[in-house]
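Here are my notebook entries from an afternoon of looking things up. Please keep the viewer open beside them.

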Amino acid sequence: MATSTNKPVIKIGLVGLGKIAVDQHIPAIRANPGFELVAGCSPHARPDGISAYHDMAGMLAAHPEIEALAICTPPQVRHRIAKEALATGRHVFLEKPPATTLGEAEALRDFAAECRVSLLASWHSRFAPAVGATRDWIAQRKLKNIHIVWKENVRQWHPGQAWIFAPGGMGVFDPGINALSILTTIVSDAVIVKQANLHIPVNCDSPIEVQMEMATEQGVPVRAEFDFLQENLQTWSIFAEAEDGGKLALSMGGTILDIDGKRVMEEGEREYPGLYAHFHELISSGKSDADFAPLRIVADAFMLGKRIAAPAYVE
Ligand code: NAP
């Protein structure tokens, strides 16, 4: 089968039918004529209008025609499921973070190459509308500093998601890694972690608040503040200052761009349509996209960071 634009239609299945699958993947797949959503699987979730199975093996037995799988589970089970999916010859779209460790992520990248299928380690925030213009602005200047402020209310954005504070759940790095995925695409050199404070609730295994000092290899200081206890409106902002006095503010997760105090872009969120167009292009051209730079920063913060006991977290 081909679309009206002669692109082949790729039959896809979803693994994990929770919040992100329902909010973003299902609508983005249905809006893309290059994909056909065949079925999904999840232990309990049964979203309306989806032919759902308990697990991936059951789904693939019932629908051997599925050619690609999007793994939308919590990160702790992603490596095992993705490895099984790759072993069956399916193309794989990994939700972020691509895995719980760099070792798992790199093994998946190597295994996808061995299986000769496409792997997308997705970073949805890189597809926010103002990220490209931010990269261009930075490329034309000598930077003085970057300041990331990424704060949201865990009770509002992650209700019932106990996995987020469990080992491998990453805590506030779960949203924070979105900022790091933007950071690692708007600067051209590597980002090195210098110091981190990890505030971990006494009844949890992952941080609820993080302050982190980083620097680019060219020596530009980067400070990040991540907080899961901000009430009311979230703050998802990155500020950059140039040596020539220029100032850039990328806010609301990359949908709003202000330069020198003037609004130059304000657009609707359209990350997942962009991600699925990219996944289609990767499969069609026999390529993979597996960049683990944001995960490496989180891993380094866990290796280097100071643990600070924070009050118990109760949802
Ligand atoms: P969620 O609401 O907790 O959903 C996760 C789903 O995965 C649940 O429905 C769960 O099953 C299912 N699941 C767990 N183990 C499974 C397994 N072994 N096989 C198949 N399904 C399994 O979490 P989420 O918010 O969708 O997040 C999932 C991933 O997407 C995370 O890595 C997160 O960082 C990323 N993400 C989330 C957002 C967001 O705004 N929420 C945005 C971007 C990316 P049952 O409910 O059926 O038991």
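**Helices H4 and H9**

I started with helix H4 (residues 102–115) and helix H9 (residues 293–304), whose axes come within 10 Å and cross at roughly 155°. This is a predicted model, and I worked with local features at pLDDT of at least 70, side-chain atom pairs only at pLDDT 80 or more, and totals for chains, interfaces and linings over all residues. Residues are numbered from 1 along each chain as its sequence is written, and side-chain values use heavy atoms, with hydrogens and water left out.

Helices (H or I, at least four residues) and strands (E, at least two) are DSSP runs, numbered from the N terminus. The axes are lines fitted to C-alpha atoms, for helices over the stretch in contact, and the angles run from 0 to 180 degrees between N-to-C directions. I noted that H4 is therefore roughly antiparallel to H9; the cut-offs are under 35 degrees for roughly parallel, over 145 for roughly antiparallel, 65 to 115 for roughly perpendicular, and oblique for the rest.

Which residues meet here? On the H4 side I found Leu102, Ala105 and Glu106, and on the H9 side Leu295, Arg296 and Ala299. Contact means heavy atoms within 4.5 Å. By class, I counted four nonpolar, no polar and two charged residues in the contact of H4 with H9. For the classes, Ala, Val, Leu, Ile, Met, Phe, Trp, Tyr, Cys and Pro are nonpolar, Asp, Glu, Lys and Arg are charged, and the others, Gly among them, are polar.

Next I looked at helix H3 (residues 78–87), where Arg78, Ile81, Ala82, Ala85 and Leu86 are buried. Buried means under 20% relative accessible area, exposed over 50%, and partly exposed in between (1.4 Å probe, protein chains only). Viewed down the axis of H3, these buried residues fall within an arc of 135°, so they line one face of the helix. The arc is that of the directions from the helix axis to the C-beta atoms. Their cover includes S1, helix H2 (56–62), strand S4 (68–71), strand S5 (91–94) and H4. After H3 comes Gly89, with a positive phi near 85°.

**Salt bridges**

How many salt bridges does a search of the whole structure find? I got 16, taking a salt bridge as a side-chain nitrogen of Lys or Arg within 4 Å of a carboxyl oxygen of Asp or Glu.

One of them joins Glu36 and Lys11, with the closest N and O atoms 3.9 Å apart. This pair links distant parts of the chain, Glu36 in strand S2 (residues 35–41) and Lys11 in strand S1 (residues 10–15), 25 residues apart. Glu36 is partly exposed at 36% relative accessibility, and Lys11 is partly exposed at 22%.

Another joins Lys144 and Glu241 (3.7 Å, N to O). Here Lys144 sits in strand S7 (residues 143–151) and Glu241 in strand S11 (residues 235–242), 97 residues apart. Glu241 also meets Lys247 in a salt bridge (3.8 Å, N to O). I also noted a network of salt bridges linking Lys151, Glu213, Arg223 and Glu225.

Ser118 is in the loop between H4 and strand S6 (119–121). Is Ser118 buried or exposed? It is buried, with a relative accessible area of 1%. Leaving aside neighbours within four places in sequence, its contacts include His91, Val92 and Leu282.

Ile164 lies in the loop between helix H6 (154–157) and H7, and Ile164 is buried too, with a relative accessible area of 1%. Not counting residues up to four places away in sequence, Ile164 touches among others His158, Asp174 and Phe228.

My last stop was Gln234, in the loop between strand S10 (221–227) and S11. Gln234 counts as buried at 12% relative accessibility. Residues up to four places away in sequence aside, Gln234 touches Lys151, Glu152, Trp157 and Met252.
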